[in-house]
Amino acid sequence: MISPLINSIVIAGFGFFIGIVLQIAMSIMPERNRESHSLKFNKGLQGFIDDANKSAKESREMVQTAGPAFWMSMFAFYGLIAILILIIIYSPLVMNWLVFLLALFTGFGLFEWIFTRAKAGKMSSPSNPSNDSPPEASDSNQ
Amino acid sequence: MSMIGYPLGILIGVITGYVFMLFFQTVIASSKVKFSTIMKVSTQLLAMPTFWFGGPWITTKFLQSVNFAESLPGYLVSLTLTFLLLVSWPLSRFVISVGNQVGKAQRRKK
């Protein structure tokens with residue numbers, strides 16, 4: 001039997017990692033890299049519905065034309081969830097939703113903060129960034 | 001509680017963390033990766049828990065004398081922490097480089 005503390009550490013580790021992968025998938029999603037398409041009510045309900053439809057269509061097209069890095073990160077995200085489910089079933093670990101969700105939001109929030117700071121130019125990669133540069137992140141901005 | 005779980009977890013964490021980063025860089029570094037390659041890499045990533053909890057190393061002669069159930073808590077903690085530490089640094093560098101590129105492109109547009 002595993003102690004609750006060790007159980008929580010492992011579940012938190014998984015939650016943190018899934019949060020990081022989710023944030024990476026969102027940051028390299030083409031939709032994220034263009035101007036935000038805000039929906040406003042000032043054009044009336046029909047205008048709002050038209051805007052929402054247009055935004056949904058654009059998002060669908062963006063996802064359909066997304067590069068391999070986006071699909072890889074999405075596969076990694078769903079794969080990690082599958083791994084977590086398998087581990088919970090086949091190992092002595094017990095799911096602790098509170099710890100898992102807290103760790104997930106922490107991982108997501110931390111990497112979102114890093115992404116926002118890097119986007120504002122307040123943070124740069126310490127070593128040669130070309131080694132890690134994602135090709136379609138720049139492609140999707142055009 | 002058996003103490004062998006800690007070094008074992010670190011060792012398996014280092015191996016799987018390094019393998020994860022190799023898979024990650026294979027797909028991220030190239031823009032011409034096919035969908036089938038992504039599926040292959042994803043399948044290999046999904047095989048990681050099999051290695052963590054029942055890879056060939058678990059049935060070797062060296063570990064047959066060790067009660068794995070006793071060393072499981074130490075193994076799990078050290079594996080999780082080692083894997084996360086190893087993977088977090090390159091992933092954060094990747095997120096920073098994506099952020100830098102997106103920021104530069106947006107500033108150029110303005």
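A residue counts as buried under 20% relative accessible area, as exposed over 50%, and as partly exposed in between (1.4 Å probe, protein chains only). By that cut-off, 50% of the 110 residues of chain B are buried. This is a predicted model, in which local features need pLDDT of at least 70, side-chain atom pairs count only at pLDDT 80 or more, and totals for chains, interfaces and linings use all residues. Residues are numbered from 1 along each chain as its sequence is written, chains are lettered from A and ligands numbered from 1 in the order in which they are written, and side-chain values use heavy atoms, leaving out hydrogens and water.

**Confidence**
- The complex has an ipTM of 0.71 and a pTM of 0.70 from the predictor.
- Chain B has a mean pLDDT (the predictor's confidence in each residue, from 0 to 100) of 76, with 74% of its residues at 70 or more.
- Among the elements of chain B, mean pLDDT is lowest in helix 4 (residues 61-64), at 66, and highest in helix 5 (residues 68-109), at 83.

**Chain B fold**
- Chain B contains five helices and zero strands; these are DSSP runs numbered from the N terminus, helices being H or I of at least four residues and strands E of at least two.
- Of the chain B contacts (heavy atoms within 4.5 Å) with a separation of 6 or more, 80% join residues 24 or more positions apart.

**Exposed residue in chain A**
- A:Tyr90 lies in helix 3 (residues 68-90) of chain A.
- A:Tyr90 counts as exposed because its relative accessibility is 68%.
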